[in-house]
Amino acid sequence: MAQHAHAKKLNYRNIILAGIIVVLIIVLVVLIVSSLGKKTPEPAPTVPDASSVADGSSVYGSEVSSEEISSSEESSEESSSSAPSSSESSSSKPESSSSSGGTTTPTGNYAAMPETPYNYDTTGKTVRNAFDANGEIDLLFPINSTYYITRNFKAAKLETVDGDYKMDYRAAPHCRDMLAAMRSELNSKIRAFSTYRSYSYQEGNFQRKVNKLMNKGYSKTDAYNTAATIVAIPGTSEHQLGLAIDVYIDSLYNKYGELNEHFEETDEYKWLQEHAWEYGFILSYPKDKIKDTGIIYEPWHYRYVGVENAKTIRDSGMLLVQWLESQNIVYVYNGN
Ligand SMILES: [Zn+2]
């Protein structure tokens with residue numbers, strides 16, 4: 001009898017032991033699988049940076065210190081969620097990622113761009129059409145919160161510039177040359193990090209940033225206003241035109257996260273300061289113009305305007321939109 005009880009006890013013990021082992025194995029498998037998933041921090045792709053909201057400050061009332069905005073924490077966070085499969089982001093159909101297409105437009109205090117073309121006062125101005133005779137966007141169209149584009153905007157034909165990253169075919173060859181020159185002259189590993197983005201992709205980027213800030217405790221209003229200084233409001237990004245590129249270096253990515261101000265310490269940045277204009281590119285969001293652009297300092301973001309224009313604008317020390325104002329030029333936009 002006593003023996004029997006003892007055997008029974010052993011039996012229970014074995015069952016419990018087996019149970020523990022099974023649980024341990026499951027935990028182990030889960031750990032292995034999840035670590036495999038994270039293994040490659042996929043230097044990535046899309047970056048929700050702030051393309052173009054020049055004049056933004058007047059539109060988005062409450063300003064936040066740029067230090068807070070540009071903290072590396074903020075920007076590195078962005079990469080994980082908004083960067084699906086690297087190549088996807090720059091392709092012409094990037095919305096296949098987590099963005100939920102046209103359904104994300106927030107309401108409330110969101111400074112969303114209207115769904116209709118803007119109406120700019122052209123009295124006494126030199127008027128240019130946003131689109132040329134071929135229906136292609138003018139290379140100097142100063143997209144921002146004043147000169148926004150609508151949902152049905154179509155970029156000119158896109159061409160590959162680096163990997164799967166694509167740009168307007170008029171900018172693409174110059175961009176390829178610029179990257180190639182940097183690589184050979186500096187022995188650089190510079191690469192495209194974000195190029196063309198569709199309207200709905202930009203919407204997804206923006207909404208994710210708003211959500212993230214709200215999760216951090218920002219009120220809805222503050223989240224929208226702050227997001228607008230970091231991620232361009234849909235319809236206001238140079239990336240949507242197919243004329244802008246963010247460049248970056250994977251070693252920096254590994255150190256600071258995505259698109260960090262530390263890029264300005266690199267030889268690549270110094271080279272771009274000196275030579276980008278020779279390839280028709282200008283720096284869109286300089287450090288000393290944050291108040292004018294309403295956008296954080298982005299040493300990695302370059303806009304194609306054509307070689308002649310790039311030289312003129314660079315020499316003027318002005319932003320594209322300021323230079324146009326100085327020339328008394330306004331653009332009319334009738335959609336396309
Ligand atoms: Zn950019």
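Colleague: Before we start, how should I treat the numbering and the confidence?

Modeller: Residues are numbered from 1 along each chain, as its sequence is written. The model is predicted, so to speak of local features we need pLDDT of at least 70, side-chain atom pairs count only at pLDDT 80 or more, and totals for chains, interfaces and linings use all residues.

Colleague: Fine. How many helices and strands are there in the protein?

Modeller: The protein has 13 helices and eight strands. Both are DSSP runs numbered from the N terminus: helices are H or I with at least four residues, strands are E with at least two.

Colleague: And what share of the residues is buried?

Modeller: Of the 336 residues, 44% are buried. A residue is buried if 20 or more other C-beta atoms lie within 10 Å of its own, exposed if 12 or fewer, and partly exposed in between, with C-beta atoms placed from the backbone. As for contacts, two residues make one if their C-beta atoms, placed from the backbone, lie within 7 Å. Among contacts between residues at least 6 apart in sequence, 79% join residues at least 24 apart.

Colleague: Now sheets. How do I read one, and what is the strand order in the open sheet of four strands?

Modeller: The general idea is that strands of a sheet pair through backbone hydrogen bonds, either parallel or antiparallel. For DSSP-based pairing, we ask for at least two bridges between two strands. Here the order is E4-E5-E7-E6, with antiparallel pairing. Strand E4 (191-194) and strand E6 (281-283) are the edge strands, each pairing on one side only. From one strand to the next, the twist averages 45°; angles run from 0 to 180 degrees between N-to-C directions, and axes are lines fitted to C-alpha atoms, for helices over the stretch in contact.

Colleague: Which residues stand opposite each other around E7?

Modeller: Start with E5 (residues 244-248), which pairs with E7 (residues 301-304) over three bridges. Ile-245 stands opposite Tyr-302, and Ala-244 has Arg-303 as its bridge partner. E6 is also joined to E7 by three bridges, again antiparallel, and there Ile-282 stands opposite Arg-303.

Colleague: Which way do the E7 side chains point?

Modeller: In a regular strand the side chains alternate between the two faces of the sheet. In E7, His-301 and Arg-303 point one way, Tyr-302 and Tyr-304 the other way, and all are buried.

Colleague: Where does the hairpin of E2 and E3 have a positive phi?

Modeller: At Gly-163, with phi near 55°, in a hairpin that has two residues between the strands. Four bridges join E2 (residues 158-162) to E3 (residues 165-168), which run antiparallel, and Thr-160 stands opposite Lys-166.

Colleague: And positive phi outside glycine: are Asn-187 and Leu-259 buried or exposed?

Modeller: One of each. Asn-187, with phi near 55°, lies in the loop between helix H5 (172-186) and E4; with 8 C-beta neighbours inside 10 Å, Asn-187 counts as exposed. Leu-259, with phi of about 35°, lies in the loop between helix H9 (250-256) and helix H10 (267-275); 29 C-beta neighbours inside 10 Å make Leu-259 buried.

Colleague: Last one: helix packing. At what angle do H6 and H7 cross?

Modeller: Two packed helices are described by the angle between their axes and the distance between the axes. The axes of H6 (residues 199-215) and H7 (residues 220-230) come within 8 Å and cross at roughly 130°. That makes H6 oblique to H7, since under 35 degrees counts as roughly parallel, over 145 as roughly antiparallel, 65 to 115 as roughly perpendicular and the rest as oblique.

Colleague: Which residues make the contact?

Modeller: From H6, Phe-206, Lys-209, Val-210, Leu-213 and Met-214; from H7, Lys-220, Ala-223, Tyr-224, Thr-226, Ala-227 and Ile-230.

Colleague: Why is H7 described as largely enclosed by the rest of the structure?

Modeller: Because eight of its 11 residues are buried, including Asn-225, Ala-228 and Thr-229.
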